[in-house]
Amino acid sequence: MKDDQVIKILFVEDIPEDLELAKRKIKDNGIRFEAYLAQNEDEFLQGLYEFKPDIIISDYLLPEFDGMRALEYSLTYDSTVPFIILTGFINEEIAVDSIKAGATDYVLKERINRLPIAIKEAIKKKNVLLENKHATESLEFMSKVIEQSPYSIISTDMEGIITSWNKGAERTFGFTSREALGQHISLLYHDTDLDILNKDIIEPLLLNGYHQAQVNLKRKSGESFIGSLYLWLIKDMTGQSSGMVGYTLDITKRVKAEEELKIKDQAIEANIDGMALLELDGRISYVNNSALKMWGYDVKEEVIGRNVEEFFDTRYDRTEILEIIKHPGFKSERRALRKDGTVFPAWVSTTIIKDITGEPVAFMGSIIDATEKRKAEEALIESEKKYRLLAENTLDCIWLMDMNLVFTYVNPSIHSMFGYLPEEWIGSKLSDHCDEENFTIMMEAMKPGLKITSASPGSVFQVEMLKKNGDRIPVEILGKIVRGDDGVPIAINGTTRDITGRIHAEEALKESEERLKLAMTVSEHGFWDWNLDRNEFYFSPNSYTMFGYEDGEFPMSLEAWEKLMHPEDRKKILPEIIRSIKKGEHFSFEIRILSSSKEWRWVLAKGATFNEKSGTNRAIGTLVDITERKKNEEQMLLARIAAEEANRCKNGLLTNMNHELKTPLNSVIGYSDVLIDQNIKELDDKQKRYLQIINDAGYKLLNLINNVLDLAQIEAEGMGLKFSAFDPVKCIEEVIRNTKTLATKKKINIAVNIDESTTEITADVDKFKEILYNLVENALKFTPEKGNVIVNVKVENEEIEVSVEDTGIGIAEEDRERIFNPFIQVDSSSTKKYGGAGLGLVLVKEYLKMQNGNIWVEGEPGNGSKFTFRIPVYPRERSNEIQ
Ligand code: ADP
């Protein structure tokens with residue numbers, strides 16, 4: 001009885017005080033309850049059916065009713081409801097009777113304290129009773145279930161004797177319960193399996209109390225089946241094993257199906273074709289190894305669960321793969337996408353898997369890698385195309401003739417070769433296309449092929465045939481007899497080739513060979529040809545005659561020619577020639593050959609090596625007589641040496657002159673100077689004038705000698721330059737100062753214009769002054785009295801420009817270049833008038849050239865001259881532009 005339980009108590013009592021007391025006692029004991037009072041039979045029955053009491057507490061004797069009657073009603077109503085008799089008087093007999101009659105307990109009013117305990121015990125008893133009742137009921141139910149179960153449920157005692165046998169067992173094994181009960185369980189096993197029964201079933205069952213096994217069992221008919229056994233030990237109240245119960249399922253079908261499935265699985269796995277199972281939404285639920293490998297994956301987990309569309313290249317197959325596989329019997333070539341992103345052609349076919357109601361549940365796909373197949377197909381198409389192209393486009397005519405020599409096939413080349421269309425040619429006879437003579441040649445040529453019964457290699461022959469327009473055309477024919485299985489000739493096939501071109505080429509070759517031969521004979525050069533593989537030589541007739549020998553006077557061999565070679569050339573040049581030939585290089589050497597008149601002739605031997613198509617090595621070359629050229633060259637060389645020698649002599653002479661001329665001249669100038677300076681009184685005026693003439697002439701001669709020597713030095717080995725930085729203005733002033741005497745004498749005014757750009761320059765200061773002296777002295781010389789001379793100077797573009805302008809006689813256009821050449825004077829008569837040797841400007845020009853400078857002259861005759869020169873402010877490398 002639970003503590004919080006509110007129990008419904010039906011009281012049967014006529015004395016209110018007693019009722020109150022009972023209630024108090026119950027309440028005091030902590031029992032929570034609800035009370036209902038009945039004082040007569042009607043009230044009791046009403047209470048029983050409507051109040052539905054958990055317990056009844058009843059007085060034994062009532063005025064209108066009594067406790068025994070109430071007990072009777074109560075037991076009829078529900079025997080589990082406890083019934084306690086509560087009475088004021090009692091004897092043992094009544095008590096025993098009432099208990100016997102079914103009352104739960106008996107409590108005296110004078111010992112009312114016991115009532116709550118009696119109630120609690122009664123309720124407890126009632127609960128136990130109820131549990132028992134339920135257990136009995138469920139046991140009965142279970143028995144019925146077991147009895148009726150379609151599955152076989154069998155129990156045995158510990159000896160293995162069958163103690164229960166249900167309907168399922170009857171159906172499974174074929175024995176009725178009457179036949180099975182009391183029999184040993186081995187009844188259900190084959191004799192051979194009895195060992196298994198003990199060892200594999202009973203022993204593990206006893207050990208574990210539970211066992212499961214798959215065994216071979218036997219039906220009453222003797223037929224065996226595979227049973228799945230579930231076994232338990234049954235224990236009694238004391239925990240002792242009292243029996244065994246087993247549950248058997250016939251799983252023969254399932255096992256077979258499983259085995260079949262396993263075999264199928266293995267077949268699918270081992271299949272070289274790829275297989276895949278797809279859910280309806282396209283998710284992959286299974287793939288076999290081949291499919292996995294085809295797509296380049298390693299494990300199935302990488303693939304399973306992913307959508308099939310991820311495995312195809314949908315860029316090109318626009319149609320959704322999932323859409324098309326839904327069409328029954330779908331079969332197509334798709335572009336499959338490997339794990340590494342590469343694509344391969346795959347043949348895909350699918351079937352739809354349906355459940356028993358016909359609803360699709362999955363797709364099954366099989367895949368074949370079509371790469372190899374595709375390659376093979378492409379190769380086939382390619383080779384077919386090639387052959388068709390060959391047949392259609394070959395320049396050769398391909399044809400087939402029956403044994404009556406009527407054409408049955410010809411390729412389109414017939415048109416370009418003979419002018420017929422294939423359809424015009426087919427049906428015509430061979431004899432329509434050639435004259436009698438050529439027809440006979442053909443027949444003769446084909447005869448040997450007709451005689452040989454085995455496969456003949458065919459005959460090749462050249463004939464002339466007729467074009468549609470009647471022209472004759474040279475052809476080469478390859479004809480072959482076609483034989484049937486029995487070896488009898490059935491047709492002739494072959495090719496016809498137009499050899500007009502070849503014949504032309506052959507003729508052209510012959511012509512060109514002849515031309516070459518002619519050319520070699522006509523030309524005065526020799527020609528040779530050396531086949532290196534066979535060591536065969538050919539020397540053209542000229543090779544002999546150009547040296548005065550008869551054509552073929554000595555053998556065409558290297559040795560024979562070697563003997564005629566100059567010993568030096570044989571030693572040095574011949575090995576070089578042979579080395580060049582062997583290396584395949586072009587070569588060109590000059591050698592000497594002894595002529596028949598025993599003089600050495602110079603020869604230019606040129607040649608080259610060729611590798612001919614046939615693989616042979618061949619060297620070809622020419623021999624050209626260059627003796628005359630050599631002689632000329634020698635003479636020219638001698639002339640040059642002589643000229644150089646002469647020049648050297650001249651220079652040597654000049655150097656000597658320097659000493660030999662100047663020494664006496666210095667005496668003439670020196671002593672005449674002394675005489676003039678000392679102003680000797682003994683000399684009369686005439687003597688003094690003569691002395692002055694001697695002195696002037698001495699100076700002029702010295703100047704001339706100096707100029708000539710300078711020029712000679714420049715010409716011979718060049719003159720050294722001494723560079724230094726100086727002020728050009730100072731030089732100009734010095735030159736003007738030193739020529740003042742002449743200027744004053746001729747009353748010529750000399751002016752100097754110095755531009756502010758003028759700077760210090762670096763040059764040969766002596767040469768600079770020399771140039772200025774020459775120009776200023778010339779200006780003074782060629783300018784009449786009271787004239788003007790102006791010297792201008794400026795620096796521009798890193799060059800100093802100096803010009804000397806005069807108001808003198810001027811220079812004609814045609815003389816402006818000339819005057820810079822040695823010994824040139826514009827007017828030879830002026831020699832006397834103006835003096836000089838025509839060397840000044842030559843030196844000026846040379847000095848300027850040495851310093852990368854130049855000079856030019858302007859002015860008209862009668863209008864004065866202007867000489868201008870330029871030199872760099874800093875020395876420069878001498879360049880070629882400046883002349
Ligand atoms: P020369 O010693 O004869 O003067 P140059 O070489 O100096 O030799 O001059 C060559 C010739 O150039 C002169 O003879 C003269 O005819 C002409 N010449 C040179 N300078 C002038 C000038 N300033 N005016 C006119 N003619 C000139």
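Me: Why are helix α1 and helix α5 called roughly perpendicular to each other?
Reply: In this predicted model, the axes of helix α1 (residues 16–28) and helix α5 (residues 115–148) cross at roughly 65 degrees and come within 8 Å. Axes are lines fitted to C-alpha atoms, for helices over the stretch in contact, and angles run from 0 to 180 degrees between N-to-C directions. Angles under 35 degrees count as roughly parallel, over 145 as roughly antiparallel, 65 to 115 as roughly perpendicular and the rest as oblique. The pair α1 and α5 is therefore roughly perpendicular.

Me: What makes up the contact of α1 with α5, by class?
Reply: A22, K25 and I26 in α1 meet L115, P116 and I119 in α5, where contact means heavy atoms within 4.5 Å. By class, there are five nonpolar, no polar and one charged residues. Ala, Val, Leu, Ile, Met, Phe, Trp, Tyr, Cys and Pro count as nonpolar, Asp, Glu, Lys and Arg as charged, and the others, Gly among them, as polar.

Me: Why are α3 and α4 described as roughly parallel?
Reply: Helix α3 (residues 67–77) and helix α4 (residues 92–101) pack at about 15 degrees, with their axes 10 Å apart. That angle makes α3 roughly parallel to α4. In their contact, M68, L71 and L75 of α3 meet D97, S98 and A101 of α4. The classes here are four nonpolar, one polar and one charged residues.

Me: Why is S186 called partly exposed?
Reply: S186 has a relative accessible area of 24%. Buried means under 20% relative accessible area, exposed over 50%, and partly exposed in between (1.4 Å probe, protein chains only). S186 is therefore partly exposed. S186 lies in the loop between α7 (177–180) and α8 (194–208), and, leaving aside neighbours within four places in sequence, is in contact with L194 and L197.

Me: Which residues have the most contacts inside the largest nonpolar core?
Reply: They are F768, F867 and F869, in a core of 44 residues. The largest share, eight residues, comes from helix α24 (residues 765–781). A nonpolar core is a set of buried Ala, Val, Leu, Ile, Met, Phe, Trp, Tyr and Cys residues joined through side-chain atoms within 4.5 Å.

Me: How are residues numbered, and what limits apply to the values?
Reply: Residues are numbered from 1 along each chain as its sequence is written, and side-chain values use heavy atoms, with hydrogens and water left out. Local features need pLDDT of at least 70, side-chain atom pairs count only at pLDDT 80 or more, and totals for chains, interfaces and linings use all residues.

How values were computed:
Helices (H or I, at least four residues) and strands (E, at least two) are DSSP runs, numbered from the N terminus.
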